[in-house]
Each structure stands twice: as C-alpha cells, then as structure tokens.
Amino acid sequence: MEKILPISIPSVQTYLNHAFPFAILENNEFFRNWLFTNYTQLYTFYNRKNPTSDFKVDFYSYDGKYPKNPFLEYSRLNKDTIIAGNINILDFVIEHINLNYYIEIGIDEYYWSNKKNYMKAHFHHDNLIYGYNLYEKKLYYLGYDRDMIFGEHSVDFSEFIDSFVNNEESNLKFIKNFTSELLSVTTKYVYHDNVNFDMEIFSKYLFDFLESKNSFTSHKGMENSVFGLNIYEDLIDKINNIGKDMRIYRLIWEHKKVMRMRLEYLHSKGILSNENFEFYHNESMNLTEKCLLLRNIGMKYSISDNKKLLSSICSRFQEIKLLEKAMLEKLLLDIS
C-alpha cells in the first residue's frame, strides 16, 4: 500500500519555513493571489543572540519572522509527548498521512543514509513527510539529500525511527491544507482571510521596499534590521563575515524569481498591458540572471576563498540594486 499527498518543488527553497508551504500550495490559484500580494519586502537580521553567528536575509512577514499562512492549519507535538503516550512514531505518522496531514518533522539526520551528515555528525533538521510505501518500507519526504540537492526523496522506516527516537530535540508539526474551507460559502467568513490579490497591500510593500521602510505591523524586526533596497548596502558592509553564506545569494535570487512570477501574474490578470509587460519581462529576466550569476560567484568564493571575488560580489550587489530600483519605481507608477 502506498499513499502520497500532493506536493511540488517550491519556487522558494532557501528557508524551509517558506519552502514547505510553497510545496503544498504553490499550484493553487488562491495561494498565488496571497503570495503575490505579500512576498515583496526583504529585511536583514541576526538570527542568534551572538550577532556574528547567523546573519540572514529573508522575506518579511507582517507578524514576525515566520509567515502566518492562511491556507494551512498547524498542530505540534514534541518527543516527550510521544514517549509519555507510549506511541509508535511510525504508525502515528502513517495514520496522520492517511488523514491527509503533511508532517514537518525535526529529527537527527545522522541516522538518514541519504543525508550529508550520515554517521558523521549529529544534526537536527526539519523535513516534510508527505507519503509512505508499506511494501518498500519507506517514507517520502521533501528536503535535502547527501549532495545538498533539495527535492523529493525517501527514507527507510528503520532510519526514520532511529532518527526520531535518538534525538532529544525531535518534534512533529502536523500541517492540514484547509483551502476548501477558506473558499466554501458556508465557512469562508469564519476565517476572515482575503484570498484575492490585494493591490493596495502590494503597492504599500513595494513602496516600503523602495524607501527601505520597516513594513512590520507588530514584529519590528531586530534592533539592527535593514529593509528593502538598503539590504544591499548592509550586505556590502558585512561582506567579509558573510561572503561564504550561500543562503544570502540564493534568497536574493529567489526574491527576483518571485517578482518575475508576480509580473507574469499581473499581466495575466490584465493589470499590466502587453506593451508594459514586455519591458518588465525583459528587465526581470535580466535581474534574475544577474542574481543567478551572483550566486555562482558566491559559490566560487566559498570554495576558493579568493578575496578578490568579494569586490566583484559587492559591485554586483550595487548593480542589482540600481536595476531593481529603476524597474520597481516604474512598476509602482504603472499600478498606481
């Protein structure tokens, strides 16, 4: 017996708090309405108490570091609860997949043979379980493999059990897609979520990005957070400490991919004329390609440690900033 819940390779993969919801929802038209309203602003922050340990660039979420997604419902359990209830973790996971729950699970990847840290180092990380095969005794998951390729993979039942039982930090997050309830005539008003594209909100985020303004309504970012176009200057200032962090280059590239997808969406809705769209298509493709090249230079630097590449990286940050500023200023005028 086999069961596989619907899944796709997400457009945003750098951070799993974005990647997993995208993988579940990205092909849904109503999710795309919400996505293209919101995923515009960027900000920098220190993710740890020690400022030098984990500097990040990320998509902002109006209610904190992690976006509240109106299409998904979450419930959580930790390992202690599972042990106290004398629950068989494998049976528990399979039962919930049968109930159409995706399971984001934090385990020790030391025990998964297709992980980079297999039998080398203990590493707690999240993966998204979306199916199983009883005959082959494996679970299907979305995440990284031993070559650090993000995609759809599988793990043996025995390895999965070991990774959960032998990890003190193990936890489960059950994810239910309740899009149908958001759209139902009888229940949609209960949830108070707008699933249509909101031009007013998008325009505000676009303006905030261009002006490097804080877009948060509750969470204020971190003490030293930088927003919008000014992130490039922040990255240049910190380049000696963060130059090898591939997440930064990848996230910026994904930000441009989402903008390119958004422009195609606006054109499909008749918001951008054919003439205007041709300009935006060419400009957004150019920006995406430049960010991909930047990512490749960053990868080269992380391997070679050639300090001369840092100057090239900084120059490309400046170039991208100027091109993006010109394109988005025109876009804000065209949609106003």
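Biologist: Which residues in α11 meet which residues in α13?

Modeller: Contact means heavy atoms within 4.5 Å. Helices (H or I, at least four residues) and strands (E, at least two) are DSSP runs, numbered from the N terminus. In this predicted model, Tyr249, Ile252, His255, Lys256, Met259 and Leu263 of α11 touch Ile313, Phe317, Ile320, Glu324, Met327, Leu328 and Leu331 of α13. The residues of this contact divide into 10 nonpolar, 1 polar and 2 charged. Here Ala, Val, Leu, Ile, Met, Phe, Trp, Tyr, Cys and Pro count as nonpolar, Asp, Glu, Lys and Arg as charged, and the others, Gly among them, as polar.

Biologist: What limits apply to the model and its numbering?

Modeller: Local features need pLDDT of at least 70 and side-chain atom pairs count only at pLDDT 80 or more, while totals for chains, interfaces and linings use all residues. Residues are numbered from 1 along each chain as its sequence is written, and side-chain values use heavy atoms, with hydrogens and water left out.

Biologist: At what angle do the axes of α11 and α13 cross?

Modeller: Axes are lines fitted to C-alpha atoms, for helices over the stretch in contact, and angles run from 0 to 180 degrees between N-to-C directions. The axes of α11 (residues 246–268) and α13 (residues 308–335) cross at roughly 20 degrees and come within 13 Å. That makes α11 roughly parallel to α13. Angles under 35 degrees count as roughly parallel, over 145 as roughly antiparallel, 65 to 115 as roughly perpendicular and the rest as oblique.

Biologist: How do α8 and α13 pack?

Modeller: The angle between α8 and α13 is about 150 degrees, and their axes are 10 Å apart. The two helices are therefore roughly antiparallel to each other. Met199, Phe202, Ser203, Leu206, Phe207, Phe209 and Leu210 in α8 meet Glu324, Lys325, Leu328, Glu329, Leu331, Leu332 and Ile335 in α13. This contact has 10 nonpolar, 1 polar and 3 charged residues.

Biologist: Which residues of the largest nonpolar core touch the most other members?

Modeller: In soluble globular proteins, nonpolar side chains tend to be buried together. A nonpolar core is a set of buried Ala, Val, Leu, Ile, Met, Phe, Trp, Tyr and Cys residues joined through side-chain atoms within 4.5 Å. Buried means under 20% relative accessible area, exposed over 50%, partly exposed in between (1.4 Å probe, protein chains only). The largest core has 99 residues, of which Val93, Leu139, Phe160, Leu172, Ile313, Phe317 and Leu331 touch the most other members. Leaving aside neighbours within four places in sequence, Phe160 is in contact with Ile89, Leu90, Val93, Ile105, Trp112, Leu139 and Val155. A second, separate core of 6 residues includes Tyr43, Tyr60, Tyr205 and Phe227.

Biologist: Is Glu104 buried or exposed?

Modeller: Glu104 counts as buried, because its relative accessibility is 10%. Glu104 lies in strand β5 (residues 102–108). Not counting residues up to four places away in sequence, Glu104 touches Phe20, Asp126, Asn127, Leu128, Asn171, Leu172, Lys173 and Ile175.

Biologist: How does Glu278 count, buried or exposed?

Modeller: Glu278, in helix α12 (residues 274–304), counts as exposed at 53% relative accessibility. Glu278 and His267 are 11 residues apart in sequence, and their C-alpha atoms are 9.7 Å apart in space.

Biologist: How many residues of helix α1 are buried?

Modeller: In α1 (residues 16–25), 9 of the 10 residues are buried, so the helix is largely enclosed by the rest of the structure. Among them are Leu16, His18 and Phe20.
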